[in-house]
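Dear colleague,

Please find below the structure that I am handing over to you. My notes on what was found in it follow.

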Amino acid sequence: MACAGWDNPRLKGRIPELDGVRGLAILLVLVWHYGVGSVSAGAGTWQSYALIPFGLSWSGVDLFFVLSGFLIGGILYDAKGSASYFKTFYGRRFFRILPIYFIWLLLFQLGLNVAGHHSSSILQNLFNRDIPGWSYPLFIQNFFMSSRQTFGPQWIAVTWSLAVEEQFYLLLPVLVRHLNHRGVTRLAVAAIIFAPIIRFILWRSGNDYFGPYTLLPCRADALGFGVLIAMACRNKSVWEWLESHRPQLYVAFVVLGSGVILLTVRRHYLFVVGLTWIAAFYSSMLLLAMVNPGPIETFIFGNRWLRKLGIVAYAVYLLHQGINVLVHLAIFGREPMTVGPSSLAVTFLSLATVLLLSTVSWQFLEKPLIRYAHSTYRYTTETEERAPASGVH
């Protein structure tokens, strides 16, 4: 039920390249936490230089945000006239996100009982009460992370981005419901403009990292870019312009990519305007994957293994950091640090464990629940869901 008056054939059914984009996002996150973060802890000079090309692999979460804005913004806009608009959207989101999330929180609570005051400092870093436990079920832990200047327990530190996503899910449906195509477009542009301004204000006030990095208003530019692309794909004249100007898309990708490379060595104002630049770069990448993808884009984003990784990305994201710390603690009694063949082997063991658990979670928990949710909650007159929503999963 496209409200723009034009059904883009490209948006019908599942878009394989988007699984590849999601796979690239989680791959970047894994490179950061399993590679750059652990290798740099014990790296020599040459190793430090070798890691420079991967210095912004932490920004995989920014690619998740752009993709989430694109998918969620498009789904909401297409369904905005449905009588079951809110019920269907939140019903599907509930079954997609909450079951595995609350299982992970339950395991965290069990870990708290093990990690007492006499436990090792590493175990206490993994399981602690630096952030109020009640904030996680409410998805407001990012506010405490910003105010207390910490990510909290490593087991659930990555959930700050889930909090951003959930807050986004609360606000965007109400706004899209009451705005037309032009209004949603203006909303996305406003988010892109005001996010770096808010980050600058926080930076000037002394909160130069945790606030700009973890709060929804500060990450609204990446989400806004995604929504903007969703609106562009639902405007026939804009879509035709994009199709006929692919060389310009490549130029934008190269120029923005050059800026991203520069940010790896010159990090001044990275968390003020740099995040907007990174989001723009990933937006150009998403456009290249969406608008008549060429051989290169098809080869990369259509890659079978990258797409498989994208399908299980949510569980991988949720589990990877806690499992990695736990495995290294159990074998070496220390934080993850890749300093030789044995520690590298343990890192791969941790990765294999995460991928195995994520595959099991997808096959026996997430996938059945998604099917149930999509059969139970349907937009009025819906015949087929468009590209499945994801976000950081």
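The largest nonpolar core of this predicted model contains 113 residues, and those with the most contacts inside it are Phe70, Tyr101 and Met290. Helix H13 contributes the most to this core, namely 14 residues. As general background, nonpolar side chains in soluble globular proteins tend to be buried together.

Tyr101 deserves a separate look. Apart from neighbours within four places in sequence, Tyr101 is in contact with Tyr136, Pro137, Phe139, Gln141, Thr159, Leu162, Tyr314 and Leu318.

Aromatic rings are the next topic. The structure holds 30 aromatic pairs. Phe95 belongs to helix H4 (residues 85-114), whereas Tyr377 lies in the segment after H17, so the pair ties together parts that are 282 residues apart in sequence. Are these two residues buried or exposed? Phe95 has a relative accessible area of 17% and is buried; Tyr377, at 19%, also counts as buried, because the limit for buried is under 20%.

A second pair is formed by Tyr209 and Phe210. Their ring centres lie 4.9 Å apart with planes at 70 degrees, so this pair is edge-to-face. Tyr209 is partly exposed, with a relative accessible area of 27%, while Phe210 is buried at 13%. Both residues belong to one aromatic cluster, together with Trp58, Phe65, Phe151, Trp160, Tyr213 and Phe271.

Pro336 is found in the loop between helix H16 (313-332) and helix H17 (341-376). Its relative accessible area is 14%, so Pro336 counts as buried. Not counting residues up to four places away in sequence, Pro336 touches Ser38, Asn324, Val325 and His328. The C-alpha atoms of Pro336 and Tyr34 are separated by 8.1 Å, although the two residues are 302 residues apart along the chain.

Yours sincerely

Terms used:
Residues numbered from 1 in each chain as written. Predicted model: local features only at pLDDT ≥ 70, side-chain atom pairs only at ≥ 80, totals over all residues. Heavy atoms only, no water. Core = buried A, V, L, I, M, F, W, Y, C linked by side-chain atoms within 4.5 Å. Buried < 20%, exposed > 50% of the residue type's maximum accessible area, 1.4 Å probe, protein only. Helix = DSSP H or I, 4+ residues; strand = E, 2+ residues; numbered from the N terminus. Contact = heavy atoms within 4.5 Å. Phe/Tyr/Trp six-rings, centres within 6.5 Å; stacked < 30°, edge-to-face > 60°.
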